[in-house]
Amino acid sequence: MRIIEHIEEMRSWSETERRAGRRIVLVPTMGSLHGGHLSLVRDGKRRGDRLVVSLFVNPTQFGPQEDYASYPRDFERDRGLLEREGTDVMFSPSAGEMYPAGHQSYVEVGKLGEQLCGVFRPGHFRGVATVVAKLFNIAQPHAAIFGEKDYQQLQVIRRMARDLNLGVEVVGHPTVRAPDGLALSSRNSYLSDAERQAALSLCRALNKAEALALAGEKESGRILDAARAEIEKEPLARIQYAKLCHPETLEDVEKIESEAVLALAVFVGKTRLIDNTVLKA
Ligand code: AMP
């Protein structure tokens, strides 16, 4: 596995591979890899001839009060994991390489970035879209894989790729969960044992909503009440939002028409967790 830290080297590697007719797949991550990331990586291996995994904790997507400085980082462990998966390139630029002094251009996302997490994390999706656009320009992939765990992020990136004609196929990958149902996340490492137990209330809420939808319930109000009630049973959990929204526009829906996304953001102790599921009418 080649480790690349500099933009010019990454770009010239990709240009050579493209000229040789090889299909490049990119999996962008912030490192601190877990089974969810590795599932994306394996999917990436299958979908192309060359696999690039980027490891970059992107400062522009963190708010001033958020966990940029304390975000878990373990370069050596990540390197070993990616090597074992047969990754061709691990691209791990520094923050200074990606945002040199004077950097001031950003991708502006529209309404999609202002809903759900965007309400509570202003500027977050602008930072995400900007770094992903930069990674696409640098690594020049034919396809890039993103997890459905970050449902809004996936929609923002799909929209950006279409709106800006980036020429990259954006592929969604199903959420990977621990055996007890908790969605894998780098931030799960912040949880104490008691908090981890309380965090299971998110997937219990999703399961409850799925069961209601399967039984024919279509009313948002009733589905959301049931989902909230599951989480409110946990004294360590505090709901930031629970929304039922249109799968593409992310606007609130009153009723499930054909499909709707139940999206949750919940604080468990000081750790903010998100999860979602697509409900079918
Ligand atoms: P992150 O390092 O948290 O920025 O995540 C990098 C990529 O992995 C994003 O596309 C995430 O949506 C995806 N991802 C993170 N956790 C999971 C999970 N549990 N299942 C599937 N994809 C995930």
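User: Which residues form one aromatic cluster?
Analyst: This is a predicted model, in which local features need pLDDT of at least 70 and side-chain atom pairs count only at pLDDT 80 or more, while totals for chains, interfaces and linings use all residues. Residues are numbered from 1 along each chain as its sequence is written, and side-chain values use heavy atoms, without hydrogens or water. Rings of Phe, Tyr and Trp (its six-membered ring) pair if their centres lie within 6.5 Å; planes under 30 degrees apart are stacked, over 60 edge-to-face, and the rest tilted. One aromatic cluster is made up of Phe62, Tyr68 and Tyr71.

User: What kind of aromatic pair do Phe62 and Tyr68 form?
Analyst: The count comes to five aromatic pairs. For Phe62 and Tyr68, the centres are 5.4 Å apart and the planes stand at 65°, which makes the pair edge-to-face.

User: Is Phe62 buried or exposed?
Analyst: Buried means under 20% relative accessible area, exposed over 50%, and partly exposed in between (1.4 Å probe, protein chains only). Tyr68, at 28% relative accessibility, is partly exposed. Phe62 has 10%, so this residue counts as buried.

User: How many residues apart are Phe120 and Tyr241?
Analyst: The ring centres of Phe120 and Tyr241 are 6.0 Å apart with planes at 15°, so the pair is stacked. Helices (H or I, at least four residues) and strands (E, at least two) are DSSP runs numbered from the N terminus. Phe120 belongs to helix 5 (residues 117–120) and Tyr241 to strand 7 (residues 237–245), so this pair links distant parts of the chain, 121 residues apart.

User: How many of the 16 residues of helix 6 are buried?
Analyst: Helix 6 covers residues 124–139. The helix is largely enclosed by the rest of the structure, because its buried residues number 14.

Methods:
The expected span of a helix is 1.5 Å times one less than its number of residues.
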